[in-house]
Amino acid sequence: MLTNYIKIAWKVLLRHPFYTFITLFGISLTLTVLMVLTSFLDHLFGSHYPETKRDRSLYIMQMRTQDSTRTGSSSGPMSFKFLTEYAKSLKTAERVTICTFVNSSNAYVGSQKIKLNTKYTDADFWEVAEFEFLEGKPYNEQNIANSDQVVVITDDFKKHYFGKTEASVIGKDVEIENLHYRVIGVVKGSPVTRPFTYADVYYPYTTPKSNYQRTGMRGGYVAILLAKKKSDLKAVQDEFQNNIRRIPLPGVEDGYKFAYVEVKSEPYVENFTGTLLNGNKGIKTIFFGVIAFILFMLMGLPAINLVNVNVSRIMERASEIGIRKAFGAPVRTLMWQFIIENIFITFIGGGIALILTLVIIQLINSSGMIAYADLTINVNVFLVSLLVCLVFGLLSGVLPALRMSKLKIAEALKS
Amino acid sequence: MIRHLLKLIWNKKKAHSLLLVEIWASFLVLFGLTSLLVYNISKYQEPIGFTYENVWAVSLRSNRDTTDLAEKIQRVLQRIKTYPEVESATQMSSNFPFSQSSMSNGVDYKKKHVMADFYATDENFAQTLNMPVTEGRWYRSADSVGKYTPIVINQKAKEAFFENELPLGKIIGDRFKVMGVVNTFKAKGEFMANTPAIFELLDPKSSWHDLFLIRVRPGTDALFEAKLVKDITLMVDEWSVEVDHLTDSRKNQHNLTLVPVIIFLTVSGFLLINVALGLFGVLNLSIAKRRGEIGLRRALGATGNGISEQFIGEIWVLATFALLIGLLFAAQFPLMNVFDIQAGVYLTAIAISIVVIYGIVTLCALFPSRLAARIQPAVALHEE
Amino acid sequence: MINLTNIEKVYRTSSIETLALNNINLNIRKGEFVSIMGPSGCGKSTLLNIMGLLDEPSKGTVELDGQRVSTYRDKELARLRNEKIGFIFQSFHLINDLSVVDNVEIPLLYRSTNGKPRQTYAKEALEKVGLSNRIKHFPKQLSGGQKQRVAIARAIVGQPEIILADEPTGNLDSAMGNEIMNILQTLNNEGATIIMVTHDENMAKRTHRLIRLFDGTQVQ
Ligand SMILES: Nc1ncnc2c1ncn2[C@@H]1O[C@H](COP(=O)(O)OP(=O)(O)OP(=O)(O)O)[C@@H](O)[C@H]1O
Ligand SMILES: [Mg+2]
């Protein structure tokens, strides 16, 4: 029975190739855009390599100080000392890592220049972020205590600095800014879109030029708090805020007198959007307004289009339905035909969208636009958007048909 | 004839409402897109006002070192100037051209409050970036006598502060004395809006300004760069040195603007193709449905061209309605000055969108109505 | 006025070929009232279409006022159809989306008569066919006979010299049919040339001349 319907639907689709094409184009375009978009958002915010524990992590990115009148404010990363005192000491957290945010530097090999990003980290960094070590191992507390001049580098940097070689580079020397380091490990790199863990070269924080001895509250360091489990996040957050409240106020930092201090530990998404919009209400509403409008148009326009094409195709069959009914055809069979036709075309559209998305994601991943990009398709999003398309298809295809079947035969015949 | 078309459309308003919504929505999408494009193109057309080829930014960071910073910075600068590869070098604040950092401040002059970008530079800045000074001259270290800091402003700042007054020698913000005027200075590249900019003479005794711009001889390569970095780190060990080529930084800045624009452009492009196809399909169907009417009109004396004009006329009337509704929305942007963009940009965008919408609907109606015009009246009537 | 010589009309589809008209020679003089009769499918409508410049014959020539119509271009044909000829179709062909007056005024639309007089002429024509109380109705709201009368009003609104009527009384009772016949006769008395297809011998008797068709050929 069903195969019979599908056969009919297939024939109908082939009979009007142009309309089939329009409908397919609309459905697959919308689904593709939606899926690429969500896959990118997932890439930005989801728990992926090497921040696989992001769902139970809190990020501390900046400290904001304000003067007593709250007119001016100053914000930025913190000092190693401050984070050690207020974050590292947390008892509710499983682990806390302190590292610098992204710094850039240059290395030179012969006549070639390598632009690179560097990061100074503690040993816990390698526990909080789960890097895959291709060679060697991370530096440990011992290396840090000894102020060993060792580095962990990425496979990408290895390729640029040592050339394309299969041989291990463990123990080899890397020269950056006139200082020599011994390679202790090679990891698979992290994408640039994950700034808390992204770098080409990782140094222990006790190597020179890391500024970890700085005494004030501000400096170049950020921290990630890892909770034991997701439900502990609140407790960790509370304990950290308790610590922050212990900061003596008012205080002075670099000659700036402040009366208020704010340091937030937030899950990644909030941290990201928070810094993007920086609390400004007006900009926030405009920003979300524009995003909502774009999404609405993105979804709305193809939907209107789909409904439009569908409705006019059904209307075309109005008198046909009337005549069939006049001679006693059960409307239910006609309805089934429309429904099957719509489901069928939606699924084909979904299939095309899936393939297109895979191709686009593959292109983005391999284009090098974002090094180490690892976009993937989110199955849930795919299914939900398929369902939405189906609803629209059915609404636009079946509702007019239903209305027409309720129409008095005489009326239908007259049109 | 228009009255006739209006009647036809009005009597079929239900069937046309979806088309109306579709054209309206496309107009809004198109308006967003063209606003973005017009805005960026209009910015792009203004010159950035300086040359950046073969210019490198050398930034220093003192790290743990806290002694005699200013003096060390000056020593490094003097050393840099001795290389034969370096044609010109200048010291400035960290917001160098195409960098991510910026600094702006409000300045008052005669009850006018103007937000301007501030750049602290030394006397060689204009020469290093080949910036022509259109009025007066670039300041020199020797100008810094008395309580006034010598400044150079750009044309935009001149207009903002002085309108028709002569700017040279004027004191603004109680402590800046205008020495010269340059044309435009768009530090973030071509896609930056031309905003007021003020260059002030930096204080060589301050340890804040740890960045140099150097113009190297064409063809200078990374070997020299490596040597430069090595020499500097030998002079001031513990310090970090980083070299950026302005051409690279410019590319990064451009990508910040271009990538979102390109994404938006492709997505809206596909959306519009989608709409055009849909429109074409719907018109095709509705014209096919009206073959009888076509035959009849032909029988009553309409020419073939008359028929195709009628269909195009109908869709134009429809598009006009949709556009009028769309204009109600779009007009809010120039009226309320949303995003602080000049009304001219929005108006151009509206004009372009209107033309494109008429173009799209005409294209979509053209083919089916041409077909309709060729129908033999007897055949069309017979089919009814 | 209308001169047909050696007219032949063949309908070709991919598989079948129908000879709808075969060797028709006909001369219709100005002011004549001619009726055409014949069994269903014999080619009456086809002949009318050819005389009304809606279709071209496969062979033979059509002359209007001594001028061969095949020499006219589309624009001139359109003008002729608009000004010289008035059609009454077998199946009315009213535009469903337009009201009765708006349907009737269409021929005037194509000769760019102004809006006001257009409405007046249309109302006058509707009055002649006795429909002045239905001018704001839409075709769907009319009976078959009423539609027929709207079609007649539309044919006469432009005061054409020739009226081509394809079974104008086919959908009407005999009283109404007579009334329509009266209208046509009045028009004919005022100088219009009328060619009418009918199945009704009584109607045919009231015309000047009767042409009988059988299987595409003229038998009388
Ligand atoms: N477009 C066409 N394509 C193919 N055959 C056609 C076409 N139009 C008419 N015919 C054929 O030509 C013949 C004459 O048709 P026509 O419509 O002139 O008949 P008629 O005399 O008007 O009949 P009736 O009295 O039923 O209206 C018929 O056999 C018909 O099948
Ligand atoms: Mg007939």
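I began with charges over rings. A:Arg54 sits over the face of A:Tyr268, 3.6 Å from the ring centre. I then looked up a lysine. A:Lys188 lies over the face of A:Tyr49, and here the distance to the ring centre is 4.3 Å. I note that this is a predicted model.

Next I turned to rings beside rings. I searched the whole structure and found 51 aromatic pairs over all chains. I picked out A:Tyr205 and A:Tyr212, which form an edge-to-face pair. Their centres are 5.1 Å apart, with 80 degrees between the planes. The angle counts as edge-to-face because it is over 60 degrees.

Is A:Tyr205 buried or exposed? I found A:Tyr205 buried, at a relative accessible area of 15%. A:Tyr212 is partly exposed, at 23%. The cut-off for buried is under 20%, so A:Tyr212 does not count as buried.

I moved to chain B. B:Tyr44 and B:Phe191 make a tilted pair, 5.2 Å centre to centre and 40 degrees between the planes. Where do the two residues sit in the chain? I placed B:Tyr44 in helix H2, residues 13–45. B:Phe191 is in the loop between strand S8 (176–182) and strand S9 (197–201). The pair links distant parts of chain B, 147 residues apart.

B:Tyr44 is partly exposed, at 41% relative accessibility. B:Phe191 is buried, with a relative accessible area of 13%.

Last, I looked for a group of rings in chain B. One aromatic cluster is formed by B:Phe50, B:Tyr52, B:Phe98, B:Tyr119, B:Phe125, B:Trp138, B:Tyr139, B:Phe185 and B:Phe199.

How values were computed. Residues are numbered from 1 along each chain as its sequence is written. Chains are lettered from A and ligands numbered from 1 in the order in which they are written. This is a predicted model: local features need pLDDT of at least 70, side-chain atom pairs count only at pLDDT 80 or more; totals for chains, interfaces and linings use all residues. Side-chain values use heavy atoms; hydrogens and water are left out. Rings of Phe, Tyr and Trp (its six-membered ring) pair if their centres lie within 6.5 Å; planes under 30 degrees apart count as stacked, over 60 as edge-to-face and the rest as tilted. Buried means under 20% relative accessible area, exposed over 50%, partly exposed in between (1.4 Å probe, protein chains only). Helices (H or I, at least four residues) and strands (E, at least two) are DSSP runs, numbered from the N terminus. A charge sits over a ring if NZ of Lys or CZ of Arg is within 6 Å of the ring centre and within 35 degrees of the ring normal.
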